[in-house]
Amino acid sequence: MEIKGRKFWTTLSSLSFTRISPSPSSICHRILAKPSFIKGFIHTSAILFILLGLFFPTPPASGSDYENQYRKARNDYYALKNSETKKKYRSYWLRCIEEFRAIYTKYPKSPRSDDALFTVAILYNDLYSYSFLKSDLQKALSSFQSLVKRYPSSRLADDAQFKIGEIHLRRKEFSKAYEAFQKVVDQFPKGDMVSLSRLKLIGLKNYKPKPKKVKRLSPVTEIRYWSNPDYTRVVIYVDKQVPYKEHLLKRDPSIKKPQRLYIDIDSARISPNLKQPIPIHDGLLKMARAAQNSPDTVRVVLDIESIRDYKILPLNDPFRLVIDIFGASSSEGKALAAIEEKRPLLPPSEPGIRRIIIDPGHGGRDPGAIGPRGLKEKDVVLKIAKRLKEKLKKQGYEVFLTRERDIYLPLEERTAIANTKNADLFLSIHANASRKRGARGIETYILGPPSDDEIMELAARENAISTKKLTDLDIILYSLKLTARVNDSSRLAQHVQESMCNHLNHRKSSHRDRGIKQAPFYVLMGARMPAILAEVSFISNRAEEKKLRSRKYLDKIAVSIAEGLHGYIEETRAAHRPPPSQRKTSLKTKSPLERIIEGRMERGSCLYTVLKKGGVSPHQIALITSHLKPIFDFKDCNPGDSFQVSLDEGGELQTFLYEAGLTDLYEVKREDGRYLTSKKEVILDRHLNNVKGNIESTLFDAIEKTGEGDHLALAFADIFAWEIDFHNDPRKGDCFNILVEKFYKNDRFIRYGNVLAAAYHTPSKVYSGFYFKNPSGQEGYYDEKGRSLEKSLLCSPLRFTRITSGYNRRRRHPILGGYHPHLAIDYAAPTGTPVRSVGDGRVIFCGWNRGYGKQVAIRHPNGYTTYYAHLSRFARGIKKGKRVKQKQVIGYVGSTGLATGPHLDYRIAKNGKFLDPITMKSPPISSIRERQLSAFQAQRDRLASLLQERALE
């Protein structure tokens, strides 16, 4: 007969524990009385020990210990299960759980460990039926999962897996439940829970998870970078478009880890040809490195030395991530680079533009547009760019071409060249094309959203992508933020467009001025200087293609662009010149105003374009922007902002007013030949309003019914925060009056001012408060006798909550059981609610205090000490010895320590004796001084009459 060791051992153990053991005296009596008994006993014992030695190893010496613990835990378990009284107290459940947990923790390889772990899970599962705490059900689930993982061959493993499915069903997680029951069938085919699991699977067949598709991982093929001391561009090339996430990690000196920026690229793998790590060491980044962070995720890490900001731009065809890194001194980068490189600069009195980057579009394997007779765009624009470079260099400018020969350059590299060389201007030259054979003319583009399908098609062609991939305007908005001086780009485009049209439009020519437009060109995205793209002609038009073959015509295009650039540069210089009064040829005295131009900003518009359409000259626009630049950046213009320009009869600027938002007004005004700049606040209309209402449930609800906002409710509650506990005191039938300032602009409400007077009426008492500001500037609220409403201690550390347990010297403890003093007030509030200090003082304790959990104690003047317990966390900067102010947030509501749920345990003691916070009265801090009392009384009477009059309306 085959005997399973475990079952036999368990049977013996259970027999030895269940039989009533005879006393030692009775055993001796039987042995002495019956010698045959001795012989039989010895014979039987010998056989038994031989069998035990053959079939079972010698049990460990500690076996009796875990058996004793297990027996005691089982007895407590049945005592709990059979007692309806004990089931009501959480402490009995937790005590029993800890007994079983100690067994599998201390004896993880004992025969009782899986039983103990299973019982812990069962206890948490049953406890949930009484507590309804999601955490209990989660602990039951975790315990069952731990048993299946740690003891897969246990006789209870299939039961535990089945319970996992039942818990998911209880949570209504049907897909997870299906997976759990399927594991019972797959992993425990001989278990006794298989038949039940199959029945469950039939009922959950509609929730069967779909088979996961195998991901095709896209290789990360290359990482490149371009940099200077204050700017770095890193580009990560991926085989196809995939999702990604970014995260900036702080520096950790303790483990010598620098600040790091990492990008997790999903559905990706590292290509075998990827060369990395890539050392950079440009002052911003140390290196770039990549690793297979998970089977389907590549993590690219940039080790940072010092940066101010960064932006990430995804581009398509091929997919790549463009990462722009900005240094802490980016604004001074150009001047610093100029000094280090010893390149020519304009005199300080005439700041100007010297370094220009010209980008001949396309190149190499990308021919661009091709004309009817085979002329390629890449060849035409390179010839124009070289001619333009020669002409600009003769004028004293420093000029670079992104390509000097027929090579391919990615679009992001062209912008990176301009940024890393600290260019002042960026010009990309292209030749246009259209499906319409008759399309002809010149147009210049700045970065922005496209306005029609034709522009979309052009941008797609220049970007070498499909039009479908240009619909994501997030890229455009991102790039507009990165593009330096959008208004300057618009002015630059205006000069170049006008110059080309003037030079190329003669009698025998049929060129058309197609104007300035916006398009999402990749080559302009991320440029940190004024940047434009010029479409010099339509290569798709037979007549214009013929002209583009002419060397004379290409020279004319180069001359026209050069003059346009020079005109913009001169206008920019003029904006920085001294006012007319300081020049040799000063202006005459003020002329009478000739006209006034008014307008409003619209979505997508820039100030330069709007003013230019209104008839303001570029010189006057440059003067306005340069004078307002120190106090207002016109990149911050918003739709709805309004402006007014006053010009004299000679077209000279007299005044410029710009109203940003609702309350800010910026002005440029000419006085005595000089221009003065100032910022003013818009004058708002002040009205006194009386708000009155009755309490039905809460103060918030009552004020909301009057049509007012939450800010007024908070201001009103703060006035009486020392007199009235708005958690507990308000009763149905109470009423209130509030005299408050309200500010309007053109009949539109803007904000509340001061509450000038307030009254709160209860059946037994009227609380009143009046605003008063003394000659020294000190302000506050006082009662009708001039006593300050502000007391040394607030009535409550929380705003608008409820009391769940009051001050009681004999209260039954919900966790420990029994009766204990509760010398505190419990306020129910959600986890994370801010807790305020009720008065000025010093923190004397901040940390963990046993059953109180996380607690803060504050000592106040006059022997008062307050305690705030069960906090989830402390406020920043709160620690022992820290001074705090009244109403300062010191922590946040939680349920740490012995707490049944999130709440605040608030206590107050005076000279070591605890007081009831509700009945305790705190003395006022100050009163009106006698020499100011008459002024206060006069203001009080005036405000009281206004409050009464308006209440009767």
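**Salt bridges and backbone**

Reply: Aspartate 115 is buried, because its relative accessible area is 6%; buried means under 20% relative accessible area, exposed over 50%, and partly exposed in between, with a 1.4 Å probe and protein chains only. This is a predicted model, where local features need pLDDT of at least 70, side-chain atom pairs count only at pLDDT 80 or more, and totals for chains, interfaces and linings use all residues. Residues are numbered from 1 along each chain as its sequence is written, and side-chain values use heavy atoms, with hydrogens and water left out.

Me: Which side chain meets aspartate 115 in a salt bridge?

Reply: That of arginine 155, at 2.7 Å, N to O. A salt bridge here is a side-chain nitrogen of Lys or Arg within 4 Å of a carboxyl oxygen of Asp or Glu. Aspartate 115 sits in helix 6 and arginine 155 in the loop between helix 7 and helix 8 (157-170), so the pair links distant parts of the chain, 40 residues apart. Helices (H or I, at least four residues) and strands (E, at least two) are DSSP runs, numbered from the N terminus.

Me: How many salt bridges by this rule?

Reply: The count comes to 35. One of them joins the side chains of glutamate 99 and lysine 72, at 2.8 Å, N to O. Glutamate 99 lies in helix 5 (residues 90-106) and lysine 72 in helix 4 (residues 63-81), so the pair ties together parts that are 27 residues apart in sequence.

Me: Glutamate 99, buried or exposed?

Reply: Glutamate 99 is buried, at a relative accessible area of 19%, while lysine 72 is partly exposed at 47%.

Me: What about aspartate 126?

Reply: Its side chain meets that of lysine 81 in a salt bridge, 3.0 Å from N to O. This pair also links distant parts of the chain: aspartate 126 is in helix 6 and lysine 81 in helix 4, 45 residues apart.

Me: Switching to the backbone. Which peptide bond is cis?

Reply: The one between glutamine 276 and proline 277, with omega about 10°. Proline 277 is in the loop between strand 5 (268-270) and strand 6 (278-279).

Me: Where does asparagine 422 lie?

Reply: In the loop between helix 13 (411-420) and strand 13 (425-432). Asparagine 422 has a positive phi of about 55° although it is not a glycine, and it is buried at 4% relative accessible area.

Me: And phenylalanine 132, what is its phi?

Reply: Positive, about 60°, and again this is not a glycine. Phenylalanine 132 counts as exposed because its relative accessibility is 58%.
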